[in-house]
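Let's take a friendly walk through a protein model together. Have a look at the sequence and the structure below, and then we will visit a few places one by one.

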Amino acid sequence: MNASTVTSAQGGRVKAREWLALIHQIPPKPDYFRVKVRRRLQRIGAVPLKNSVYLLPRRAETREDFEWLAREIQAEGGDATLCRLSLLTGTTDEEIEAMFRAERDADYASVAQDARALGESPSEEALTRLRTRMEETERIDYFRASGRDAAEQAIAAAARSGADEPASDVSVPRVRGATWVTRTGIKVDRIASAWLIRRFIDADARFKFVPAKGYRPEAGELRFDMFQGEFTHEADRCTFETLLARFGLTDSALRAIGEIVHDVDCKDGKFGRPEAAGIAPLIAGLALAYPDDGDRLERGAAVFEGLYAYISAGAPTRPAH
């Protein structure tokens with residue numbers, strides 16, 4: 001049996017989930033650093049497998065989170081090793097996923113409790129703090145904890161109690177002529193998101209492609225699909241889906257494209273979109289043919305414009321059952 005398969009209880013082989021593991025040793029001094037590392041691990045949503053061994057699901061953004069933390073530990077004189085692994089015996093993938101959900105359920109319960117404690121006519125500052133906590137929790141909710149819906153409902157109820165206008169109109173941002181920044185080497189989520197931004201969010205958008213690490217944003221820039229970006233993966237949503245949610249875009253064709261992009265980008269088969277099998281090699285081909293990000297975006301945008309027209313026209317997008 002290779003490292004990518006395990007044997008199920010029924011005797012069949014199933015594909016094992018891949019995890020990122022941070023194995024670290026912290027120096028005894030300074031005292032505050034141990035607390036800082038523990039808080040950072042909590043903030044990025046890692047869970048402990050064993051003492052000093054923490055796990056995250058294997059994704060581009062989680063690897064970046066662990067790499068930043070590993071460098072900090074090493075800079076303070078500690079040891080840090082980042083590795084990719086699959087669990088073959090002992091603890092199961094399902095048990096690890098349950099640990100992630102339990103952590104996030106506790107976070108969501110705390111948000112919901114604080115939302116209910118605001119009472120009538122809460123201040124906008126208090127609501128903003130709660131929404132920020134909610135967004136931070138959703139970003140690290142890798143396996144869709146059950147407490148999320150209750151927390152969202154509690155915040156919405158608190159907002160309605162103090163708002164003269166419907167809460168759904170309060171949080172939708174308005175953007176015009178911004179510089180939108182993302183990582184170089186754009187592929188499906190960043191290409192689709194850039195098309196969405198210019199087509200439905202910011203018609204005068206300007207795009208800037210920067211290295212994935214070490215970039216310091218300039219005033220007024222909006223980052224998407226990158227570490228600590230204003231618009232990026234949140235919980236199990238890809239960046240395209242995050243943009244739809246944050247800008248209140250409810251077009252059914254855009255939602256369908258979001259599901260396709262998710263299936264191609266996240267590779268988890270969540271929506272089972274049949275179009276993903278065609279879009280994936282098409283975008284991969286564009287990446288090979290056009291090394292320049294500007295050229296790649298121009299041609300990729302045409303792909304998604306055509307896909308949007310096709311779906312909007314009522315073309316079938318689901319396999320027959």
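Predicted model: local features only at pLDDT ≥ 70, side-chain atom pairs only at ≥ 80, totals over all residues.

Residues are numbered from 1 along each chain as its sequence is written, and side-chain values use heavy atoms, leaving out hydrogens and water.

What kind of aromatic pair do Trp-195 and Tyr-308 form? Rings of Phe, Tyr and Trp (its six-membered ring) pair if their centres lie within 6.5 Å; planes under 30 degrees apart count as stacked, over 60 as edge-to-face and the rest as tilted. Trp-195 and Tyr-308 form a tilted pair, with 5.9 Å from centre to centre and 55 degrees between the planes. Trp-195 sits in helix α6 and Tyr-308 in helix α10 (residues 293-312), so the pair ties together parts that are 113 residues apart in sequence. Helices (H or I, at least four residues) and strands (E, at least two) are DSSP runs, numbered from the N terminus. Tyr-308 counts as buried too, at 12% relative accessibility.

Helix α6 (residues 188-201) also holds Asp-189. The side chain of Asp-189 makes a polar contact with the side chain of His-233, at 3.2 Å. A polar contact is a pair of N or O atoms within 3.5 Å; within protein, one must be able to donate a hydrogen and the other to accept it, and residues adjacent in sequence count only if both atoms are side-chain atoms. The backbone nitrogen of Thr-239 lies 2.8 Å from a polar atom of the Asp-189 side chain.

Thr-239 leads us to helix α7 (residues 239-246), where 6 of the 8 residues are buried, so this helix is largely enclosed by the rest of the structure. Among the buried residues of α7 are Thr-239, Phe-240 and Leu-243. Just after α7, Gly-248 takes a positive phi of about 65 degrees.

Finally, let's return to aromatic rings. A search of the whole structure finds 13 aromatic pairs. The rings of Trp-19 and Phe-100 have centres 5.8 Å apart and planes at 0 degrees, so this pair is stacked. Trp-19 lies in strand β3 (residues 18-25) and Phe-100 in helix α3 (residues 93-116), 81 residues apart.

Technical notes. Buried < 20%, exposed > 50% of the residue type's maximum accessible area, 1.4 Å probe, protein only.
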